[in-house]
Amino acid sequence: MEFIEWKEIEHNGRKRSTCPKCSTSRKNKSDKCLSINHDKGTAFCHHCEAVSFKEDVAIETEKEYKLPIQTWKNYTAISDKLVKYLEDRKISQRTAIALGWTEEKYYQPALKKEVNNLVFNFFEGETLVNKKYRSANKKFIQSSGTKSIFYNINSVIGKKKVYIVEGEFDVAALYEFGIKDGIVSVPNGANDNDDFWINSEKYIKDVKEFVIAVDNDEKGNSLKDKISQRLGKHRCSYLEFKNKDANGDLVSMDLKETIRGAKRFPVSGTFNVSDLFDGIIDLYDNGLPKTIYPKSKYWRGIKDVFSVMRGQLTVGTGIPSHGKSNVTDWYVLNLINDYKLKGSWFSPEHSPMSLYHTNLASKVVGKNFWGKMNGYEYPRITKQELEKYRDWADEKVYLTDCDAGQLPTWDWLLQKFEEQLYSFGIDIFVVDAFNKVLLPKGNKLEEINIVLTKLTHFAQSNNVMVFLIAHPTKMKKSEETGLYEEPTLYDVSGSADFRNQTHNGFTIYRCWDDAEKGTEACTKFINQKTKYTFQGEIGSEVILKYCEENGRFHTGNEQPLLPLWEDEYEKELPKINTNDAFGVEYNINNELEF
């Protein structure tokens, strides 16, 4: 790929200019073939495909990153063994060099020694921002403290269609096939994280079409869903490889057919049977859709009463101080932990945000943040446990708030949620509470209906879950008991649409000690509505007990005190790959060689 020095471009603020690389040699020397994006600090020539990066923009980020030593050009020679290995995978030496692959000795912590590595060099413009080392037996390490970004990001500049793959070898496979530009790879395989999305956003946000070409396996399918959710399914199609990935289909000569068979996500609003047939077969083979619910033994019985699904709005209500926010937080934290999801809270009632985290940390760790509660002393969270909470929550829990002086409106909040979908891949959005977001002026009933329609559409179109806390009107007291009656969704202040529009809903109702009846205090979780009968039984309830020590709720007598991440469920052990990736031999010192 050719690069243009930004200072060589004559633009004077214009968006089009002649190209310093090719215009002087062209018949039409005045053709403004160079597109300039001043906001991004990038330029792309539509004739010779040279690119340019404005230096102060190319590596501009909110975080500070180290740069690898910029001596990569000293290592362009590739050994015969590595060339032979690449050729066995149908990747030519010319492709490896074109993509900037190198071979270097580097210390691999997993092997506890220095070995030969195939090196994938990550460039942003002409700047080397990261290096990824791959040993012969597939041990990986990246340069410490460097910038996380899509591999081969330079290739997307000026492109309207971009392929996203799961590994550098898949980039090479598509390049070898003939797709020379517009191919990037996630930097960490199927492990999705926020940094590389944020660092790459300015290069891909204007792309019109994405083709998701990740591995055709369980992890790859999960990654495909996460990528399409971030980017918007309306912009995405996907490939289903016959031999797991692009490189496998290249070797088996199936890649051409796979690329021709790209499938679109069914999001247009009009579907024929073929669009939905995979889902029909899945229902035939596997039965009703899977719902999700907290798996912990402390929530025993909840799945028979109430469960949720992606694409649904859930409204929770309850009398003030009956615990609806606390129960919702604990319920959502369990979903995040049990299903490896991410959640975003807009909860201005619990400001400031650092104080809100003391509540969430207590629930997650299982200990009291302050060490005291209502005159009782409890074991206090240690700073080391807070650090573990930070590590657990850092890419799982996000809090949302307005900038200083800004008032929260529903348009602002939904726009913020859209941004968080891209940057963080959020799965669950919590709004606590409805009355803390401003309605537009006008007929209140109509505006509530519009907002709820927007929320249900947002959940459905983005395949996420939205939990909305809504306060009821002032409830009447029962003449018989003198206690407030249990509110339903029809009692939510403002409109019956809180019952009619939502997919699911529940009531949280606190019962007090009654010495005469011999009953203990408890909290009822009451199913007010579930969209489908297999999600629960409307009107059924589960009795929750409150653990004052950590703010958790539980269905049994056992106090829930273990950290949330120390679940008691059996985890699948990782499979051990005994094959040497490069088919290499060991020398007499038991060191791997290419």
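Reader: What does it take for two strands to pair?

Author: Two strands pair if DSSP finds at least two bridges between them. The model here is a predicted one, and in it 5 strands form an open sheet in the order β10-β9-β11-β12-β13, with mixed pairing.

Reader: Which strands stand at the edges of that sheet?

Author: They are β10 (183-185) and β13 (263-264). Each has a single partner strand, so one side of each is left without a neighbour in the sheet.

Reader: In which sense do β9 and β11 run, and how many bridges join them?

Author: Strand β9 (residues 161-165) and strand β11 (residues 209-213) run parallel, joined by 5 bridges. To see one of the partners, take Tyr163, whose bridge partner in β11 is Val211.

Reader: Which helix lies across β9 and β10?

Author: Helix α4 does, and it runs at about 165° to β10.

Reader: What is the order of the strands in the open sheet of 4 strands?

Author: The order is β5-β6-β7-β8, and the pairing is antiparallel. At its edges stand β5 (102-108) and β8 (140-142); each has a single partner strand, so one side of each lacks a neighbour in the sheet. On average, neighbouring strands of this sheet are turned by 35° against each other, direction ignored.

Reader: How many bridges join β5 to β6?

Author: There are 7 bridges between β5 and strand β6 (residues 113-124), and the two run antiparallel. Gln108 has Lys113 in β6 as its bridge partner.

Reader: Which helix packs on this sheet?

Author: Helix α4 (residues 168-177) packs on it, touching β6 and β7 (127-135). The direction of α4 makes about 60° with that of β6.

Reader: Where do nonpolar side chains tend to be in soluble globular proteins?

Author: They tend to be buried together. In this model the largest nonpolar core has 59 residues. Those with the most contacts inside it are Trp101, Phe150, Ile164, Leu174, Ile204, Ile227 and Leu231. Helix α4 gives the most to this core, with 6 residues.

Reader: Which residues does Leu174 touch, not counting residues up to four places away in sequence?

Author: Leu174 touches Tyr163, Val165, Ile179, Ile183, Ala246, Leu255 and Ile259. There is also a second, separate core of 37 residues, which includes Leu333, Tyr356, Ala393 and Phe467.

Reader: How is a helix read when some of its residues are buried, and which are the buried residues of α13?

Author: List the buried residues, then look down the axis. In helix α13 (residues 383-393) the buried ones are Glu385, Tyr389, Trp392 and Ala393. Seen down the axis of α13, they fall within an arc of 85°, so they line one face of the helix. On the other side of α13, Lys383, Gln384 and Asp391 are exposed.

Reader: What do the buried residues of α13 pack against?

Author: They pack against α11 (324-339), α12 (353-365) and β18 (397-400).

Reader: How many residues of α5 are buried?

Author: Helix α5 (residues 194-204) is mostly covered, with 8 of its 11 residues buried. Among them are Asp194, Phe196 and Trp197.

Reader: Where does Lys342 lie, and which side chain does its own side chain join in a polar contact?

Author: Lys342 lies in the loop between α11 and β15 (343-346). A polar contact of 2.7 Å joins its side chain to that of Asp194.

Reader: Is Lys342 buried or exposed?

Author: The cut-off for buried is under 20% relative accessible area. Lys342 has 10%, so Lys342 is buried. Leaving aside its neighbours within four places in sequence, Lys342 is in contact with residues including Asp194, Arg230, Glu395, Tyr398 and Phe424.

Reader: How does Ser274 count, buried or exposed?

Author: Exposed means over 50%. At 61% relative accessibility, Ser274 therefore counts as exposed. Ser274 lies in helix α9 (residues 273-286). Ile280 is also placed in helix α9, but at 41% relative accessibility Ile280 counts as partly exposed.

Reader: How many residues apart in sequence are Ser274 and Ala96, and how many Å apart in space?

Author: Ser274 and Ala96 are 178 residues apart in sequence and 39 Å apart in space, C-alpha to C-alpha. For Ile280 and Gln501 the values are 221 residues and 26 Å.

Definitions and conventions
Residues are numbered from 1 along each chain as its sequence is written. This is a predicted model: local features need pLDDT of at least 70, side-chain atom pairs count only at pLDDT 80 or more; totals for chains, interfaces and linings use all residues. Side-chain values use heavy atoms; hydrogens and water are left out. Buried means under 20% relative accessible area, exposed over 50%, partly exposed in between (1.4 Å probe, protein chains only). The arc is that of the directions from the helix axis to the C-beta atoms. Contact means heavy atoms within 4.5 Å. Axes are lines fitted to C-alpha atoms, for helices over the stretch in contact, and angles run from 0 to 180 degrees between N-to-C directions. A polar contact is a pair of N or O atoms within 3.5 Å; within protein, one must be able to donate a hydrogen and the other to accept it, and residues adjacent in sequence count only if both atoms are side-chain atoms. A nonpolar core is a set of buried Ala, Val, Leu, Ile, Met, Phe, Trp, Tyr and Cys residues joined through side-chain atoms within 4.5 Å.
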